[in-house]
Amino acid sequence: MKRFVHAHATHPQWSVATAQVVAQLRAQMAAHPDRRWPLGLLYLTDHYAAHARELLASLSAELPQVTDWAGAVALGIAAQGVEYIDEPALSVMLCDLAPTRYRVFHGLAPLPAVRGPDGFVPQTALVHADPATPELPELVRELAERTVGHFVFGGLVASRAGAVQIARSSRVGLAGHGQAAAEGVWEGGLSGVAWAPDVGIVARVTQGVRAITPLRRVTAVHGHRVEALDGEPALDVVLRDLGLPAHDLGAIVARLRGTLVGWVAPAAARTPAPPVPGRVPLRLGEDVLVRHLVGIDPAQRALVVADELPPGAGWMLCERHVHAARADLLRIGAEVRETLAGESDADPLQRVAGAVYVSCNGRGVTPLDVAVHPRRTKELRWSSKTITRCWAWRATPAPTTSSGLTASWRASTIRTSARSRTRRSA
């Protein structure tokens, strides 16, 4: 497998860090004079956000063979065994994919709803989004529906200096949109890069949480407010499941502040045999969507969730847990290896050209994150030279929101499952 080239650097001055990255990339590219590198993935911490245009212009001038760029600003990035948290840094991965195998897009030049005029059909897409974009969930779902796999992955931009996104294309698709298109730096909406069906991609989701209550059914809901579970007032059911006193509002708020909601769409929640009463699921599946519990209504005995749950949805409360997160990360690593091993006798890792890991900013750089960091988890056996990571507000396999997602590129075409809406590569 011909691996992508990758470089990273930190320095108080963006120009110095950029020069260091360029030098690293040129050294690697010189070892492969027969290869071309038209696509660059660029992630930078928000310390450089104000200089994103100059930084990208400098990279483009120094690396003219890279004609297309995609990426975003993040609170932190990691690459090749090094983390940059709350410090100036950038990371660049160059992909030697033919331009016919990908498309850079933005809100002003979105992916077409049907086959493009040049015959390009997107299999899936790496997506960066401004969390302040109106109707963002609907936009992500619409984007996912424009792909063959009905699946996109990526995250919401996390930044203290604007939700800066990188999307520059040499194709006509982004031409004619003024200075922003020429500079390739955007704020607002969605951007990213779509991949053709002949680009092999394996994607997995880690939840990083464990269930702490049994599976319940949403029986009354109004918008974001869940009013009843299993036919009883929702707050009463939750207090009983958690063993909390109904009269101590302070204790209730303190306990629920660190609690998340895992919910399952009604169709997926139907099982041949109902769950055993009182049994807490051992592991959350990828069909479970994890959302924040944002409020309670003591008077109406209701709870408020950061999503609109449909009637009949499965419901359970969850919490972040280091052992569950580590086990989940090991699981996706094993699944990726097994997927690759099942298609060839060669070493699975030798078939990986590059990888992107998007981590949820909700975890932060805490003991939990440190304990389950992929580069520290030796059992994953990922090559540290092929993976780049960024911290986003949310890592998002559309239309879900979860704690982390990893995707790797490989040589052969993958097959996607036949699920509707939420899908995973198989």
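At 61% relative accessibility, Glu135 counts as exposed, because the cut-off for that word is over 50%. Glu135 sits in the loop that runs between strand E8 (124-129) and helix H3 (136-145). Along the chain, Glu135 and Gly189 are 54 residues apart, yet their C-alpha atoms lie 9.8 Å from each other in space.

The model described here is predicted, and the confidence of the predictor should be kept in mind. The mean pLDDT of the protein is 79, with 75% of the residues reaching 70 or more. Over residues 364-385 the pLDDT is below 50, although this stretch has 58 contacts in the model beyond near neighbours in sequence. Residues 393-426 also stay under 50 in pLDDT, and there the model has 152 contacts beyond four places in sequence. Where pLDDT is low, predicted coordinates should not be read in detail. The contacts of these two stretches are therefore to be taken with caution.

Of the 7 residues of strand E2 (residues 39-45), 7 are buried, so the strand is largely enclosed by the rest of the structure. Leu39, Leu41, Tyr43 and Thr45 point one way from E2, while Gly40, Leu42 and Leu44 point the other way; all of them are buried.

E2 has pairing partners. With strand E6 (residues 90-95), E2 pairs in the antiparallel sense over 6 bridges. Here Leu39 stands opposite Cys95 of E6.

At 1.5 Å a residue, the 20 residues of H8 (residues 322-341) should span 28 Å, and the end C-alpha atoms are 28 Å apart, which agrees. Buried residues of H8 include Ala325, Asp328, Leu329, Ile332, Val336 and Leu340. An α-helix has 3.6 residues a turn, so residues three or four places apart point the same way. Asp328, Arg331 and Glu335 are also among the buried residues of this helix.

Thr259 lies in the loop between helix H6 (249-257) and strand E18 (260-264). With a relative accessible area of 1%, Thr259 is buried, since the cut-off for buried is under 20%. The side chain of Thr259 reaches the backbone oxygen of Arg255 at 2.9 Å. Leaving aside neighbours within four places in sequence, Thr259 is in contact with Ile212, Leu293, Leu317 and Cys318.

Most residues other than glycine have a negative phi. Asp230, however, has a positive phi near 50 degrees. Asp230 is found in the loop between strand E16 (225-229) and strand E17 (232-233), and counts as partly exposed at 37% relative accessible area. Arg301 is not a glycine either, and its phi is positive at about 55 degrees. Arg301 has a relative accessible area of 22% and is partly exposed.

How values were computed. Residues numbered from 1 in each chain as written. Predicted model: local features only at pLDDT ≥ 70, side-chain atom pairs only at ≥ 80, totals over all residues. Heavy atoms only, no water. Helix = DSSP H or I, 4+ residues; strand = E, 2+ residues; numbered from the N terminus. Expected span 1.5 Å × (residues − 1). Buried < 20%, exposed > 50% of the residue type's maximum accessible area, 1.4 Å probe, protein only. pLDDT = per-residue confidence, 0-100. Contact = heavy atoms within 4.5 Å. Pairing = 2+ DSSP bridges. Polar contact = N/O pair within 3.5 Å; in protein donor to acceptor, adjacent residues only side chain to side chain.
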